[in-house]
Amino acid sequence: MARLRKELTTQAPLTPALTSWAEALGDAIGRGMLRALNTGMPGMGAVAASPGNGAVMAGRRRGRPPKTVAGGPVPMDRRCTVNGCTREQRSKGLCSAHYQAERRRQIATGKPA
């Protein structure tokens, strides 16, 4: 069950000067936030986000870009060596999932990865 909100029984009326000051402050904060999102915070070592400087831009992924699908299955000489797996090899003849599983197994048994 939701708690009932206590309503203020007496509210101090806002003067027109205070109302206009609050609206101006809200607008200034909004503009500042928009500027910070677009260019970075000044004095914090942030740099304006542009495609070449590595700054994080909205809508962009970090890390390795996804492989483009060239169409068709992976050739037999590039497939993972685990029976039934059709993913592409990444390292030591294994796909990334099977390589990580093997690596975890080796670490758990105390062998160097």
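This report walks through a predicted model of one protein chain, from its overall make-up to a few individual residues.

## Ground rules

The model is predicted, so local features are taken at pLDDT of at least 70 and side-chain atom pairs at pLDDT 80 or more, while totals for chains, interfaces and linings use all residues. Numbering starts from 1 along each chain as its sequence is written, and side-chain values rest on heavy atoms, with hydrogens and water left out.

## Overall make-up

The protein chain has 2 helices and 0 strands. Helix 1 covers 16-39 and helix 2 covers 96-109, with a loop between them.

Of the 113 residues, 6% count as buried. Here buried means under 20% relative accessible area, exposed means over 50%, and partly exposed is in between (1.4 Å probe, protein chains only). The chain exposes about 10500 Å², and carbon and sulfur atoms supply 58% of that area. Such areas come from the Shrake-Rupley method with a 1.4 Å probe, and for residues only the protein chains shown count as cover. Among the contacts (heavy atoms within 4.5 Å) in the chain with a separation of 6 or more, 2% are between residues 24 or more positions apart.

## A nonpolar patch

On the surface, L14, L18, W21, L25, I29 and M33 form a nonpolar patch with about 640 Å² of accessible area together. Patch members have over 30% relative accessible area and no salt bridge; nonpolar side chains (Val, Leu, Ile, Met, Phe, Trp, Tyr) are joined within 5 Å, and like charges within 9 Å. One of the members, W21, lies in helix 1 and is exposed, with a relative accessible area of 54%.

## Two salt bridges

A search of the whole structure turns up 2 salt bridges. The term covers a side-chain nitrogen of Lys or Arg within 4 Å of a carboxyl oxygen of Asp or Glu. In one of them, the side chains of E88 and R78 meet at 3.3 Å, N to O. Both residues lie in the loop between helix 1 and helix 2, so this pair ties together parts that are 10 residues apart in sequence. E88 is partly exposed at 28% relative accessible area, and R78 is partly exposed at 35%.

A salt bridge also links E102 and R105, whose closest N and O atoms are 3.0 Å apart. Both residues sit in helix 2, 3 residues apart, which is about one turn of the helix. E102 counts as partly exposed, at 30% relative accessibility.

C80 is in no disulfide, and its nearest cysteine sulfur, that of C95, is 3.8 Å away. C85 is in no disulfide either; for C85 the nearest cysteine sulfur is that of C95, at 3.8 Å. C80 is buried, with a relative accessible area of 6%, and C85 is buried at 11%.

## Around Q89 in the loop

Q89 lies in the loop between helix 1 and helix 2 and is buried, with a relative accessible area of 19%. The side chain of Q89 reaches the backbone oxygen of R79 at 3.0 Å. This is a polar contact: a pair of N or O atoms within 3.5 Å where, within protein, one must be able to donate a hydrogen and the other to accept it, and residues adjacent in sequence count only if both atoms are side-chain atoms. Leaving aside neighbours within four places in sequence, Q89 is in contact with D77, R78, R79, C80, T81, L94 and C95.

Also in this loop is K92, which has a positive phi of about 55 degrees although K92 is not a glycine. K92 counts as exposed, at 68% relative accessibility. In helix 2 you will find S96, which is partly exposed with a relative accessible area of 40%. The C-alpha atoms of S96 and C80 are separated by 9.0 Å, and the two residues are 16 residues apart along the chain.

Key: Helix = DSSP H or I, 4+ residues; strand = E, 2+ residues; numbered from the N terminus. Disulfide = S-S within 2.5 Å.
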